[in-house]
Amino acid sequence: ASDSTHGAAPDATVSYLSIAPLDEVVTALGKVSGCSDSSTCIHVSIPDLGVVNGPYCPLGQDKHRGTVYLRHGPSPETTLYLVQYLAAKDPQVQGCEDGSYVLRATLPGRDIVKPDAGYFELRGEVQVCLEKDFAKKAASGTSTLGQLDTTSCPAPNVTSQASGDGEEIMVQPLALDDPGTADPLDFWLHPCDCIPDGWEG
């Protein structure tokens, strides 16, 4: 798989670079490599519940629930898990569907947490019940209550990329020539650089 940071959508027949005027809003998609709902923190943002908001980072994979996330609060009372609610395994929670995600209090000394074995018994009280597939929706940008915290993703590889035979290939910067000047390749843009304000038109 490529670690390049940007590319055309799979169904696109043409891809091009367009520099928009400063007053025009454009949408651009970029690939953030190494990020997924099972390996990246999810930033929860629930209106009027600031005490539960913040980054929940993967703690491990539970055999039954999938990824278990943990948010370290300033005290044990504000440290919470983000985990899938399973009606067959958990105490009943009013208004919470099987498969929904919940924010659950930690109970140090009573919770059994063995990430290496994929075993979690969480006994803290459910604080908030979220939607089904919350983690996947946060990862895809379709949840109104959370999104992937891409600041916790590893930095993209912008200097080289593996070819099909495993050999490293240098990634080339974008170089543009202004035919109205004598200088060759007037404008250079590294894959991590933003388009400068002066590149209008």
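Is cysteine 129 buried, partly exposed or exposed, and what is its relative accessible area? Cysteine 129 is partly exposed, with a relative accessible area of 30%. Here, buried means under 20% relative accessible area, exposed means over 50%, and partly exposed lies in between, with a 1.4 Å probe and protein chains only.

Before I continue, a word on the source. This is a predicted model, in which local features need pLDDT of at least 70 and side-chain atom pairs count only at pLDDT 80 or more, while totals for chains, interfaces and linings use all residues. Residues are numbered from 1 along each chain as its sequence is written, and side-chain values use heavy atoms, with hydrogens and water left out.

The structure holds two disulfides, a disulfide being a pair of cysteine sulfur atoms within 2.5 Å.

Let me begin with the pair that includes cysteine 129. Its partner is cysteine 96, and the sulfur atoms are 2.2 Å apart. Cysteine 96 is buried, at 11% relative accessibility.

I turn now to the other pair. Cysteine 41 and cysteine 57 form a disulfide with sulfur atoms 1.9 Å apart. The torsion about this S-S bond is about 100°, so the disulfide is right-handed. Cysteine 41 is buried, with a relative accessible area of 8%, whereas cysteine 57 is partly exposed, at 28%.
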